[in-house]
Amino acid sequence: MKKRIIIKPWLIVGMLLVVPTSLFTAIELVKLNDQEEVIESIYNDQLESVLYSINQYADDITNNWINKIYKELNPAEFHSTFEKPLDDYPQLTRFIVHPIDSSSLHLDDFFIANDTLQTEIISRLKKHTKVINQLQRYLKSGYRKIIGIDLDYQQHLSMLVFVTEEQNRTFLNLLMLDARRFIGEALSPRLQMVAGDDLIIVVRHIQSGELITSSLLNEAPEEVVREQALWLLPDYKLGIQPNGIDIRQLSKKRARQNIGLLILVDILLIAGAWLFYRNVKRELHLAKVKSDFVSNVSHEIRTPLALISMYAETLQLGRLKDDSKRQKYYDIIYRETQRLSGIVNNILNFSRIESGRQQLKFAPLVLNEIVEEVMSNYNYHFKETGFTVTYHLSPELKSISGDKQAITECLINLVDNGMKYSKDVKELTISTGKKGPYQFIEVCDKGIGISPKEQKLVFDKFYRVTKGTLAHHAKGSGLGLSIVMHLVKGHNGRIELESEEQVGSCFKILFPTNTPKQP
């Protein structure tokens with residue numbers, strides 16, 4: 001016979017909810033990350049294109065100046081170092097032309113009027129020999145490229161270098177540029193136009209960090225999203241920043257919101273999965289408990305019915321001639337009838353409780369009188385089973401308002417449990433007394449006790465203590481303490497339990513001294 005495979009509820013929940021949810025979240029996070037990278041890449045490309053257009057504009061201005069200057073020059077003057085002031089160009093201080101060839105810059109015969117500036121220019125040109133040779137190769141390809149070289153001779157003085165060819169000779173051209181003035185007068189209007197209301201564009205001096213110009217006039221953000229050195233002025237950096245929240249902040253904010261929503265959805269789904277698992281587990285447990293309950297109750301009812309039927313049949317047939325035996329059979333029939341009646345009463349009471357039809361009838365009563373009445377009915381049973389019962393009834397108890405039948409039923413259930421779970425030491429102690437605003441009845445036994453873990457469960461419906469041989473074989477439906485709890489709460493009372501394994505248990509039911517409100 002093949003072993004039946006049982007799928008655990010938590011495994012079903014995991015496969016149906018938790019695993020798909022986790023996979024969905026992981027996929028969405030990856031998608032979000034990819035989307036944010038694409039958005040940021042596109043935005044950075046747009047910023048780069050803005051910076052490119054400004055650099056290109058600066059290059060166009062410079063080329064126009066050079067073309068105009070060359071139209072005014074006399075080619076006959078191009079024989080040695082030639083220096084020309086540029087009064088018509090406010091941003092340019094002077095123009096220097098020096099002949100070179102493909103193998104040497106010939107800087108030994110480079111001469112201008114200003115010795116200090118001459119020394120600075122020669123020093124800078126020697127450091128950029130390879131770049132100047134590259135300019136010559138560009139010129140042979142039909143392209144005139146301009147590079148910028150910063151000078152320490154005077155603050156914000158830069159040198160624009162390019163190569164030209166006149167009368168089959170190559171010349172090195174140097175334009176002395178007032179960088180601050182060039183940026184403020186030539187580039188600033190362009191920055192204002194490109195920036196508009198959406199962007200902030202600034203130019204700073206790299207070494208000093210000085211703000212040269214800004215599309216916000218004299219204001220500028222401390223940090224910018226994108227920046228790069230100006231093509232013609234490598235000692236100056238051009239920066240760009242969105243006006244307001246930039247795309248990275250928006251992207252991060254959006255990502256945080258989406259991730260937060262995903263986490264919230266995951267939490268809700270996991271909470272739902274946990275509640276689903278908890279309910280399924282509880283329902284499965286309840287189904288098992290109900291099945292056990294039906295089995296136990298069936299056994300409980302069948303046993304007294306079988307005994308009643310057997311002894312009644314024997315008496316009916318008149319087989320017993322001995323009066324003492326006949327009386328014993330009557331006693332057994334009566335005892336089993338009472339036992340059967342108790343089982344049926346518990347089931348009926350539970351049914352009324354479950355359906356909400358249980359109604360308590362409050363009237364004045366004295367707890368001591370209830371104890372005495374119940375124990376009087378139990379005296380014969382105590383003697384038959386060998387139980388010793390000790391009473392501690394407080395004489396101070398006065399009348400309280402309660403349902404006599406309900407309290408009687410509570411006491412009977414506690415006494416039955418005490419007898420049922422007592423092993424070798426068959427002793428019961430029944431006490432009454434006062435505790436704060438309550439009067440109580442306490443039933444103590446010296447039975448097998450209840451573990452701390454099970455003490456939290458014994459008042460649940462259908463729950464039965466089954467730990468140990470005695471508990472496993474003890475008869476009952478698992479409804480007694482659940483009914484006791486309901487009836488005590490109906491009196492606005494409470495139950496206290498003290499128990500230790502292999503020592504015994506004490507159940508104390510407390511009822512308010514003042515008249516409770518009827519439910």
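Which residues touch the most other members of the largest nonpolar core? In this predicted model, local features need pLDDT of at least 70 and side-chain atom pairs count only at pLDDT 80 or more, while totals for chains, interfaces and linings use all residues. Residues are numbered from 1 along each chain as its sequence is written, and side-chain values use heavy atoms, with hydrogens and water left out.

The answer is F95, L175, F182, I183 and L233, out of 41 residues in that core. A nonpolar core here is a set of buried Ala, Val, Leu, Ile, Met, Phe, Trp, Tyr and Cys residues joined through side-chain atoms within 4.5 Å; buried means under 20% relative accessible area (1.4 Å probe, protein chains only). As for L175, setting aside neighbours within four places in sequence, its contacts (heavy atoms within 4.5 Å) include I66, L86, F95 and F162. There is also a second, separate core of 39 residues, with M375, V415, M419 and V488 among them.

Strand 3 (residues 147-150) is covered on both faces, with I147 and I149 buried on one side and G148 and D150 on the other. Strand 3 pairs with strand 4 (residues 157-166) in the antiparallel sense, over four bridges; pairing takes at least two bridges found by DSSP. Across the pair, G148 sits opposite L160 of strand 4. Six residues lie between the strands of this hairpin, where H156 takes a positive phi near 65°.

Definitions and conventions:
Buried < 20%, exposed > 50% of the residue type's maximum accessible area, 1.4 Å probe, protein only. Helix = DSSP H or I, 4+ residues; strand = E, 2+ residues; numbered from the N terminus.
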